[in-house]
Amino acid sequence: MTFSTRLKEEITEYNSNIIEKRAELSAIIRYAAKITPNSIIITSENAKIARRIYSYLKEIFGINIKIIIRNQKRFRIKQIYILEIKEKLSYILESLYIYHNHRKIKPNANYLETNEEKIAYLKGTFLTNGSVNDPSTSGYHLEFVFSNQSDAYFIKKLLKEIEFNSKILKRNNRYMIYIKSAEDISDVIKLFNAINSLFYFEDIRIYRDHKNMVNRLNNCEIANQEKSISTGLKQIEEIEFLENNNLINLLDEKTKIIIEYRKKYPESSYNELAEIISLETNYNIGKSGINHHFIKIKKIIDEVKKNN
């Protein structure tokens, strides 16, 4: 079972109040139902979602619903649940703000007066048109997919009203609203009251963030080591130039100490070299002092090369 399926099934376990049920059912029928003059047909591959829709319709509208279960054998055998409604069609569609006077109306947030209703509407939308990646196998990604542009922009607006930033992408005549922020996805799952899914998501998120931080620190350490080695080898070349051209005597005693220890420890960083010199000699020096001596050496070499 995918993480997305587990999340949807956990959402179905939460018991909503009657107002939230209407909002959720409005989204489900608008985005998942096939509506004809004689029937409303809702198809689902998930038994728990189908059961939730059935119970909501029964409770709110008190109608008889025909249930058809079919086995689909494409790739693997799975059951498809079909709910067929033939009673009170106009009343249902008008009550849920989907049709008015037998004409379909665009989604409108005016009838979603509270944040609870908006969240319930998003729940219904996610159950039928949404999905979320498993954070342990891929990047963070939550999406809603629609065939109608106005539906997509309505959900984007609804997310914005409850302070979630999302983006919209058109792909093969379909419109995708998606969220990439791990923090925002976590907050959406929390709003859906899917506590177990939230804990799982947060555990993976913490693990990945810690792993990324360790990798960054390791990469930084490796980069610093490579920089220290490169700097040390370059300074060895400068020292050899001084020795080959009998220029060592131009240096003061402290700089000669620095040269001696650089030759002994060519791969050490400035900090490491300063600690070694301070421990083994009477010359207490820091990182900036080491750098200052090699600047002097570089100036002498540049002057010699310039005169020659």
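This is a predicted model: local features need pLDDT of at least 70, side-chain atom pairs count only at pLDDT 80 or more; totals for chains, interfaces and linings use all residues.

Visitor: Okay, pockets to start. How much space lies in the largest pocket?
Guide: The largest pocket holds about 490 Å³ of space.

Visitor: And which residues lie nearest its centre?
Guide: Those are T5, K8, S44, E45 and N46, out of 21 residues that line the largest pocket.

Visitor: Which parts of the chain supply that lining?
Guide: Several elements give at least two residues each: α1 (3–12), β2 (40–44), α3 (47–61), β4 (78–85), α5 (115–129) and β7 (130–132). The largest share comes from α1, with 4 residues.

Visitor: How does the lining split by class?
Guide: For the largest pocket there are 5 nonpolar, 10 polar and 6 charged residues.

Visitor: What about the second largest pocket, what volume does it have?
Guide: The second largest pocket has a volume of about 180 Å³. You can find it by looking for N224, K227, S228, T231, S269, Y270 and K287, which line it.

Visitor: Which helix gives the most there?
Guide: Helix α8, residues 195–244, gives the most to that lining, with 4 residues. By class, the lining of the second largest pocket has 1 nonpolar, 4 polar and 2 charged residues.

Visitor: Switching topic: how many cavities of 30 Å³ or more are there?
Guide: The count is 1 cavity of 30 Å³ or more. The largest cavity has a volume of about 40 Å³.

Visitor: What lines the largest cavity?
Guide: Its lining is made of L122, F144, L159, I162, F164, V188, L191 and F192.

Visitor: Nice. Now helix α2: how far apart are its end C-alpha atoms?
Guide: They are 21 Å apart. Helix α2 covers residues 18–32, and at 1.5 Å a residue its 15 residues should span 21 Å, so the two values agree.

Visitor: Why do you call α2 largely enclosed, if you do?
Guide: I do, because 11 of the 15 residues of α2 are buried, so the rest of the structure largely encloses this helix. Among the buried ones are E20, K21, A23, E24 and L25.

Visitor: What happens at the start of α2?
Guide: There, a side-chain oxygen of N17 comes to within 3.1 Å of the backbone nitrogen of I19.

Visitor: Which residues is H293 in contact with?
Guide: Leaving aside neighbours within four places in sequence, H293 is in contact with D252, K254, T255, I258, Y283 and I285.

Visitor: Last topic: which loop is K88 in, and what is its phi?
Guide: K88 sits in the loop between β4 and α4 (89–95). Its phi is near 50 degrees, a positive value in a residue other than glycine. K88 is partly exposed, with a relative accessible area of 45%.

Visitor: And Y97, what is its phi?
Guide: Y97 has a positive phi of about 55 degrees, although it is not a glycine. Y97 lies in the loop between α4 and β5 (99–100), and it is partly exposed, with a relative accessible area of 40%.

How values were computed
Residues are numbered from 1 along each chain as its sequence is written. Side-chain values use heavy atoms; hydrogens and water are left out. On a 1 Å grid over the protein atoms alone, a cavity is a set of points where a 1.4 Å probe fits but cannot get out, and a pocket is an open set with protein on both sides within 12 Å along at least five of seven lines; lining residues have an atom within 4 Å of a point. Grid points are joined across faces, edges and corners, and a volume is the space filled by probe spheres set on the points. Contact means heavy atoms within 4.5 Å. The expected span of a helix is 1.5 Å times one less than its number of residues. Buried means under 20% relative accessible area, exposed over 50%, partly exposed in between (1.4 Å probe, protein chains only). A polar contact is a pair of N or O atoms within 3.5 Å; within protein, one must be able to donate a hydrogen and the other to accept it, and residues adjacent in sequence count only if both atoms are side-chain atoms. Ala, Val, Leu, Ile, Met, Phe, Trp, Tyr, Cys and Pro count as nonpolar, Asp, Glu, Lys and Arg as charged, and the others, Gly among them, as polar.
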